[in-house]
Amino acid sequence: MIAQRSRRPPVEPLSARVLRYRIARGYSPRDLASAAGVWPGAIRRLESGRPVDKRLLSPLAGALGVPLCRLVCGEHSCAQRACVPASRLDPGPELPRRRGSGGLGFTTPLHRTGASANVWPCTEPETPRKRRGQSLGLQQRRDRRRKSSGMGQARKHHYVSQFYLKRFTANPSKPRLFVVDIIERKTFTADPKNVAFEKDFHTIDVSGQPSDVVEKMLARIEGDVAEAFKRIVNSCSLSNENDRAQLLHFATILLVNNPAQRAIMNALVTLLMTTSGREQASDPATFTAHVQEMIATGGMPPDTDIEELRRSLLTENFDISMGTASHLNVGLNNVPDLLPYLLDRKWHIYRAVEGHFVTSDRPVSLMWADPSRTGPVGLGLRDTRVLFPLSSTIAIYGGFELTNDVIELALDKVAAVNARTILNATRQVYARESDFMYALQHNGGPRDGSALLSDQYVVRRAERANGDALAAAKSQVRVVSGADPKVLDWLPHEELF
């Protein structure tokens, strides 16, 4: 009788583990290299599976905020793997937020133990070193001069990256986009640098942080993902796990960081604050006691007219807006929680053999697979689909129930993909040329892009989306059923094919 070997679960390679920890903590390879005191090339070599000097693992674990054994061996019980006895494990201090993140970092508990030197100890990792040859005092002086002068800070912040938009132009070296502005009802050509931006969209006012720290962080992420984009589009493949993870991390940022999302969040805050304020103001005695307590603790001015405030809450309408730092804190801190819902999907890669794909100022679309299904749609729900055009010739379409495949699309199918992208736009659609095609159910077949502004269905939807953020907030979507609401999309959806 032949003894059967028990199958062991697949072991996550070190390269994939480093990439997962890096993305979960919001680092680009350059950020991680700087925090660990190593060269960026070493991080890229490690994540691509090539050999590196093992001495960099200890400072790398410190920068990632994980025990060294967990970085090397993966998720496990130290007692089972005999790293250290279980009795010697105890929770250690919490890692402070990463310097330079503008209050947008993540915290991870560490472990402390007294393991012997012949095992991978679950010890608190080494403090990251400065990069060789770098003078901390000199760098601080440069930062102070730059901050005091206000020089070198870009204020034209793109919420859809320029490198991405260039992939929808006919000549990337002299990029020009054909732009359809649905709200203004006009078309024009423009350089990618002059569309999909807002002034100071990422500028923050946080004590101890440069005002452009978020913009620079996102620029570094875009610089890294641009190379992954190039490889994916050229190979028409998502087989490289590192490139796939960087692409989907970028898609998650696009999903949560855009003007439409902020409008919904502002409307939601207004709705909640107004409802709460009116409920409190409806009881004069309770409201008066509450305001008097706030005056006593310095929360409100001492000359506050309590009765006038109560009357205003009951009779007037208010428009409450979150600050930029609050929007960024909510959106970007949700990225690590949302990313797994994209990583767990299987993806169809669509290649246009006729016509070309378009994109928009909100390029990542979330929809139900069943076109007859309505109501809030969640990123973590089954039977949902995510559409993301990558270039004028490549788009990806993901779902939990799909299988990984490459599909060539003729003109009618390309038109159906374009229609879904157009319906998700906030106000602008971007194309390589004016001759793109789109096809909605009421069109009766593909239509030329020149007819888009005369399509009343498309125009009314865009106007409704721009003019009624409060209705959008009320129909907020959920990441998973029963979870805290995370607003991502609010338009009804149509299945592609």
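Which residue in strand 11 does His348 stand opposite?

## The pair and its strands

His348 stands opposite Tyr397 in strand 11, where strands are DSSP runs (E, at least two residues; helices are H or I, at least four) numbered from the N terminus. Strand 7, residues 346-352, and strand 11, residues 394-399, run antiparallel and are joined by six bridges; two strands count as paired if DSSP finds at least two bridges between them.

## About the model

This is a predicted model, in which local features need pLDDT of at least 70 and side-chain atom pairs count only at pLDDT 80 or more, while totals for chains, interfaces and linings use all residues. Residues are numbered from 1 along each chain as its sequence is written, and side-chain values use heavy atoms, with hydrogens and water left out.

## Two residues with positive phi

Most residues other than glycine have a negative phi. Arg185, although not a glycine, has a positive phi of about 55 degrees; Arg185 lies in the loop between strand 4 (177-181) and strand 5 (186-190), and is partly exposed with a relative accessible area of 41%, the class between buried (under 20%) and exposed (over 50%), taken with a 1.4 Å probe and protein chains only.

Asp200 likewise has a positive phi, near 60 degrees, and is found in the loop between strand 6 (197-199) and helix 8 (213-235).
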